[in-house]
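I opened this notebook to keep track of what I looked up, one topic at a time. The sequence and the model come first, and my entries follow.

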Amino acid sequence: ELVSSVKQLDEAISRQYPEFTELTNPKAVDYKKIQNMLGDDEAFFLQVTEESGTSLFYIDNNTIDIHATDLTQSELTLLVSNIRHSMDLTRSDIRSYAKMPAYEIEDAKYIYDRLLKPFEEKINTKKRLVVVLDGAMQNIPLGVLVKSNANQNASTIDYRKIKFVGHDIAYSVYPAASSFVALRSLQKRKT
């Protein structure tokens, strides 16, 4: 009886609040729906990483661009783990500023080069990037990836000279493409 009641409740919620269903049960979305939801100054980026490699999708109002890279799930997980470790100031071995580890600039640059660089020229023409990230990339902010490290030497890093992704573009992260479409549809209805 409980299962039947839950099922009836789910059906009622789906009928009354279809956008909520889209948020909680993501589904594949036609790229044209994404294009219709984007502003002229926005682009959409989707990354899907598997053990065999990574698929990347860039969408704006006029374009869809797909790129594949051999960056594997294992490799990406290790790189992200290194970056997170270098940013973790709660570690017990860090007792002073002098003991802070250097940020993993090379790993952050490598990830940028593999994921975003293929679309860099297009992204640079936009003010905002809508992002759907997969797997390990959900564990670090996109803004900490490094576009350019100004050829810094590890012993004298000047972080002010490093060009992080977060310096150039505003970005918002969504759990799935269907979540983006559902939330934008709701927003458009309210305006």
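Which residues of the largest nonpolar core touch the most other members? I found 32 residues in this core, and those that touch the most other members are Phe45, Ile111, Leu116, Met137, Leu142 and Leu145. I took a nonpolar core to be a set of buried Ala, Val, Leu, Ile, Met, Phe, Trp, Tyr and Cys residues joined through side-chain atoms within 4.5 Å, where buried means under 20% relative accessible area, exposed over 50% and partly exposed in between, with a 1.4 Å probe and protein chains only.

Before going on I noted the terms of the record: this is a predicted model, in which local features need pLDDT of at least 70 and side-chain atom pairs count only at pLDDT 80 or more, while totals for chains, interfaces and linings use all residues. Residues are numbered from 1 along each chain as its sequence is written, and side-chain values use heavy atoms, with hydrogens and water left out.

Helices here are DSSP runs of H or I with at least four residues, and strands are runs of E with at least two, numbered from the N terminus. Helix α5 (residues 105-115) is mostly covered, since eight of its eleven residues are buried; among them are Ile105, Ala108, Ile111 and Leu115, but also Asp107, Lys109 and Arg114. Leaving aside residues up to four places away in sequence, Ile111 touches Leu76, Leu79, Val80, Ile83, Leu116, Met137 and Leu145, contact being heavy atoms within 4.5 Å.

**Strands**

I then followed the strands, which count as paired if DSSP finds at least two bridges between them. β1 and β2 are antiparallel over seven bridges, and a hairpin of two residues joins them; Phe45 has Tyr58 in β2 as its bridge partner. β2 and β3 also run antiparallel, with six bridges, and their hairpin passes through four residues; here Phe57 is partnered by Ile66 in β3. Of the seven residues of β2, five are buried.

**Salt bridges**

How many salt bridges does the structure hold? I noted ten, each a side-chain nitrogen of Lys or Arg within 4 Å of a carboxyl oxygen of Asp or Glu. Asp41 pairs with Arg128, the closest N and O atoms being 3.0 Å apart; Asp41 lies in the loop between α3 and β1 (42-50) and Arg128 in strand β4 (residues 128-132), so the pair ties together parts 87 residues apart in sequence. Asp41 is partly exposed at 22% relative accessible area, and Arg128 is partly exposed at 36%.

Glu42 pairs with Arg184, with closest N and O atoms 2.6 Å apart; Glu42 lies in strand β1 and Arg184 in helix α8 (residues 177-190), so this pair ties together parts 142 residues apart in sequence. Glu42 is buried at 5% relative accessibility, and Arg184 is buried at 12%.

I also checked Asp60 and Lys126, whose closest N and O atoms are 4.0 Å apart, and which link parts of the chain 66 residues apart. Asp60 and Lys126 are both buried. Through shared partners, salt bridges join Asp41, Glu42, Arg128 and Arg184 into one network.
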